[in-house]
Amino acid sequence: MIEVLQKAVEYGEKLGAQFVDARYDDLTLRTLERTDDTWKDIQVKSRMGVGITCYVEGVSGYSFTASSTMKEVRAAAQKAFKMARASAPAAELRLPITKGSPSKSAPSDTLRVKIHPSERDLAYKVDLVNRTIEAAREHGANIKNVRGLYGELHGRKIFTNSEGSSVDWNYLVTDMRCFVISKADSGALVIGLEGNGGTFGLEYFESKGNTPEDVGGEAGSRAKEQLKAQPCPAGNLRALIDERLAGVLAHESFGHLSEADFVVTGASPLTNKIGSRLGTPEASILDSGLPDIRKTGGLWVPFDDQGVRGSSTTVLDKGVLLHYLHNRGTAERLSERPTGNSRAVSYVFPPIVRMTNTYFMPGNLSEQEALEKLDTGVYAIQSSGGQVEGNGSFLFIAVRGYWVEHGEIKYPLREVALSGNILELLTRVEGATRDLHIQSGYFGGCGKGDQSPLPVGLGGPKIVIGNVTFGGKA
Amino acid sequence: MEYESIKDELLSVADTGLKFAAKQDSSAEFEVYVHYGSVSRVELDQGMVTAKDGVAAGCAVRVAKGKRLGFACASGISTARVKKAVEESLSVVNSVSAEDDKFSGFCDPKKAGRECKFNRNILGVEVDELMRHCQDMTKEARSVDPRVKVVTAECRVLWDSYAVANSRGVQQASRSGSNRCLVYVMSIDGDERKTAYRHDAACDRLLHTEGLGKEAASEAVGQHHAKKLELTSVLPTLWGPEAAAAYVLSSLGQSAHGRAVVEHTSPLCDMMGAAIAGEGFTLVDEGQRPDGLGTEAVDAEGHPQMRNVIVENGILKGFLFNTYYGRLFGVGSTGNCSRGGGPFGTPIPYESVTGISAKALEVSPGTKTHDQLVSSIDGKGILIADDPMGIFHSTMSTGQFSVVANRVYLIEKGSRSYPLQPLSVAGNYYDGFKKLNGVGSNATLGLYGVRSPSLVFDGFTVVG
């Protein structure tokens with residue numbers, strides 16, 4: 001396939017493009033979903049296609065095709081060139097790419113796992129989901145609905161460009177989740193959920209804390225606990241957030257603002273703030289395509305969709321803004337190094353600046369010390385999503401929480417929403433625990449523009465924050 | 001492929017796939033779905049241009065052997081790719097013993113509905129015209145005020161078609177197209193950043209971009225010098241059309257889905273015929289509106305799309321179903337089968353299994369103008385100008401929501417007062433509908449395809 005891509009690059013250059021890149025995905029996606037006793041979904045997807053980007057005078061044109069024939073790939077290259085050429089006169093801000101050294105991949109760039117999902121049959125995966133559901137039922141109460149999910153994504157990603165790059169590696173994501181809905185005596189529905197994914201072999205789902213019994217049992221137990229949970233008080237309160245919520249904070253509220261496509265246009269409030277102190281010394285945020293997965297979990301991204309080798313980028317270093325996240329054009333524009341953050345959801349979309357694994361760095365507190373530091377406030381746990389606006393305001397939903405008084409957990413809280421402005425919040429980070437966990441997976445992911453969901457990793461330690469606005473009951 | 005002949009071509013591909021499938025296993029029931037979608041998109045972001053032009057095409061096959069079900073899909077619609085999807089779906093169904101004992105067959109054939117009224121001139125819009133629209137909107141926005149620092153304009157033309165064939169005799173296809181634009185403006189004054197957007201979308205006419213940049217910029221600039229509310233209290237909230245559309249979509253737009261009803265995850269599941277909203281509230285899913293962006297002849301499994309009343313004068317009247325859940329509920333399909341539908345849609349629907357989504361939700365307009373709704377609020381109230389942050393992250397099952405409203409104004413003594421800094425609004429969707437205190441006459445098509453007027457709710461907690 002690399003030969004077809006190389007010919008497309010040559011054709012684009014012949015048409016007049018100053019730089020061309022071409023990529024090919026041949027991915028398999030498998031989803032299993034059981035709701036109560038019914039199998040809702042057992043499916044397999046073959047996602048194969050080619051994407052071509054042509055650059056004319058610093059303007060990119062993109063096209064794609066689901067075909068891998070030379071004729072169709074050439075037609076895509078021609079469309080990409082035409083789009084770039086037609087758009088170029090209107091551009092006021094150009095992001096040209098200067099030719100450099102080609103990227104070359106090696107077999108070791110693909111993360112090796114003990115049991116690749118392609119080595120186990122469907123019955124094995126069906127059993128994983130069945131065990132999850134049974135465990136949820138065993139540990140739950142007043143259950144109205146229980147849902148178990150398994151997902152896997154794997155396959156080849158091939159890339160070349162005008163520099164003669166030759167990148168060929170295998171992508172892998174596996175995931176298992178459980179959702180439980182229970183009904184309280186008041187008639188209100190409450191939820192419990194658990195699960196995790198990332199670049200894992202199936203041996204991960206046999207490890208402590210991650211077995212179907214662990215995942216289902218935790219989801220059931222949490223829904224049961226929520227039956228007696230109280231609404232969160234509204235107002236400005238002290239907060240302790242868990243690893244998963246810290247990850248959403250790192251990703252949604254800070255990570256997106258550090259994406260350099262927002263910076264070169266001036267849309268990000270982090271524009272022109274390199275070297276500025278934005279947070280307390282306890283706040284450090286990294287983005288890395290190459291995390292230590294055995295230790296922390298996460299997603300393995302050795303190359304981005306512009307063929308740039310994955311790396312670790314310290315975005316915020318002890319409260320000081322150090323670096324933005326880039327594609328090749330924004331890195332050149334801002335004279336920073338490319339960070340391997342140009343990613344696309346699939347061949348249907350052009351690569352844009354996206355995160356890989358974004359997380360807060362751990363501190364030195366134990367969980368008990370973090371609770372004592374919190375003193376009185378909300379311990380917010382897990383997340384069902386979040387959002388940030390260009391002005392830095394954010395909102396996250398924590399699935400559940402606890403009310404804490406004088407360092408002691410008092411009672412469970414229902415779903416809580418945290419909001420505020422990220423630049424203010426970073427100045428209120430008071431401490432972090434020693435643990436680091438990165439959450440990733442097949443289900444859900446990051447949305448930006450019309451590209452969603454992109455698998456990403458996000459995480460951190462538990463973090464104590466001085467003052468957060470909680471939406472709740474007045 | 002051309003728009004005029006696309007349906008015949010896709011039907012031919014689907015039929016070929018179905019015949020191949022029947023040869024592989026005559027004891028199984030099959031459904032073959034084939035999709036072809038063309039998109040041209042141009043974005044002008046602070047002078048930085050990105051342009052895209054391509055075709056997403058793919059096929060999906062569902063197979064049933066008794067109560068065992070399988071699904072497979074493949075990008076591409078060549079014979080080889082359709083055959084691959086058929087073979088993969090059979091390998092799924094033959095390798096598991098898991099059954100869905102509620103399954104009772106795919107969609108039965110019925111007479112198709114109508115397609116949207118599509119203006120063929122949209123097909124002739126070239127990339128330079130899209131670019132010109134982007135430049136015009138940007139220029140307009142920048143001319144409003146020097147504080148307008150960031151302007152992003154986007155225009156797109158898209159058309160697509162799909163065909164469905166199944167073993168029960170369904171052989172249906174539909175096609176539609178539209179052109180859409182969006183302008184997003186950020187005004188910066190010191191550390192204060194204020195944003196606003198405007199959009200247009202149509203299938204029956206070419207885009208109207210004139211005035212959008214100016215309106216968005218004026219609204220963004222008008223929010224400067226926002227004050228802090230300095231209050232935690234329960235206040236009446238007036239949701240403008242964009243905000244109200246988002247509220248409806250993330251609440252009843254999800255909980256009226258047949259799956260949530262049948263599986264008891266919707267709080268509406270035992271409430272048919274009950275009063276769930278104020279008397280002035282009527283909600284319809286209009287799958288056959290001639291100029292509707294969600295209008296198709298058939299849904300994603302070949303059932304005719306329809307007009308479905310969900311709430312009429314506050315009374316819950318109906319839910320939205322595909323064939324599977326409609327049969328389980330005993331009412332049949334309402335033509336709401338989707339593949340990857342929902343607020344944000346997908347350019348690759350063939351990758352999604354069949355689900356349920358509203359086609360075009362419409363809240364019937366009331367009699368009061370937006371200004372009359374403002375003046376109807378005694379004392380303090382809050383005006384939420386557009387969709388608040390986090391509205392799509394709330395849980396339909398519990399109805400609890402907590403959002404951050406960014407474009408928000410104080411209402412005092414019946415008139416709109418000064419802009420406020422972002423504030424948190426929290427409550428319960430369903431309690432809100434019961435405390436609905438006003439429905440405006442200003443129904444507008446929102447960014448996510450829902451048509452709603454302004455709505456006034458009592459009882460939400462505001463923190464700011």
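This briefing walks through some features of the structure above, topic by topic. Keep in mind that you're looking at a predicted model. Searching all chains turns up 35 aromatic pairs, but zero disulfides.

**Cysteines without a bond**

- Over all chains, the structure has zero of them.
- The cut-off for a disulfide is 2.5 Å.
- Cys203(B) is buried, with a relative accessible area of 0%.
- Over in chain A, Cys232(A) is buried too, at 4% relative accessible area.

**A helix with a buried side**

- Helix 9 of chain A covers residues 367-374, and its buried residues include Ala370(A), Leu371(A) and Leu374(A).
- These three sit on the same side of the helix, because they cover an arc of only 100° around the axis.
- Here's the background: an α-helix has 3.6 residues a turn, so residues three or four places apart point the same way.
- What do the buried residues of helix 9 of chain A pack against? Their partners are strand 7 (235-241), strand 14 (377-388), strand 15 (393-405), strand 16 (408-413) and strand 23 (463-471), which belong to chain A as well.
- Just after helix 9 of chain A comes Asp375(A), with a positive phi of about 65°.

**Aromatic rings meeting up**

- Among the 35 aromatic pairs in the structure is the one between Tyr442(A) and Phe443(A), with ring centres 5.0 Å apart. Their planes meet at 85°, so this pair counts as edge-to-face.
- Are those two residues buried or exposed? Tyr442(A) is buried at 13% relative accessible area, while Phe443(A) is partly exposed at 22%.

**Charges over rings**

- In chain A, Arg120(A) lies over the face of Tyr124(A), 5.5 Å from the ring centre.
- In chain B, Lys227(B) places its charged end over the ring of Tyr418(B), 4.2 Å from the centre.

**An open sheet in chain A**

- How many strands make up this open sheet? There are six, in the order 10-9-8-13-22-19, and their pairing is mixed.
- At the edges you'll find strand 10 (320-321) and strand 19 (437-439) of chain A, each of which pairs on one side only.
- Strand 8 and strand 9 (residues 312-317) of chain A run antiparallel and are joined by four bridges. Leu286(A) has Thr314(A), in strand 9 of chain A, as its bridge partner.

**A buried alanine in a loop**

- Ala283(A) sits in the loop between helix 6 (260-264) and strand 8 (285-288) of chain A, and this alanine is buried at 0% relative accessibility.
- Setting aside residues up to four places away in sequence, Ala283(A) touches Leu316(A), Asp317(A), Lys318(A), Gly319(A), Phe360(A), Leu426(A) and Val429(A).

- Ser452(A) and Pro453(A) are joined by a cis peptide bond, with omega near -5°. Pro453(A) is part of strand 21 (residues 451-454) of chain A.
- Asn272(A) isn't a glycine, yet its phi is positive, near 65°. Asn272(A) is in the loop between helix 6 and strand 8 of chain A, and is exposed at 73% relative accessible area.
- His225(B) has a positive phi as well, near 60°. You'll find His225(B) in the loop between helix 4 (212-221) and strand 7 (232-239) of chain B, exposed at 58% relative accessible area.

How values were computed:
Residues are numbered from 1 along each chain as its sequence is written. Chains are lettered from A and ligands numbered from 1 in the order in which they are written. This is a predicted model: local features need pLDDT of at least 70, side-chain atom pairs count only at pLDDT 80 or more; totals for chains, interfaces and linings use all residues. Side-chain values use heavy atoms; hydrogens and water are left out. Buried means under 20% relative accessible area, exposed over 50%, partly exposed in between (1.4 Å probe, protein chains only). Helices (H or I, at least four residues) and strands (E, at least two) are DSSP runs, numbered from the N terminus. The arc is that of the directions from the helix axis to the C-beta atoms. Contact means heavy atoms within 4.5 Å. Rings of Phe, Tyr and Trp (its six-membered ring) pair if their centres lie within 6.5 Å; planes under 30 degrees apart count as stacked, over 60 as edge-to-face and the rest as tilted. A charge sits over a ring if NZ of Lys or CZ of Arg is within 6 Å of the ring centre and within 35 degrees of the ring normal. Two strands pair if DSSP finds at least two bridges between them.
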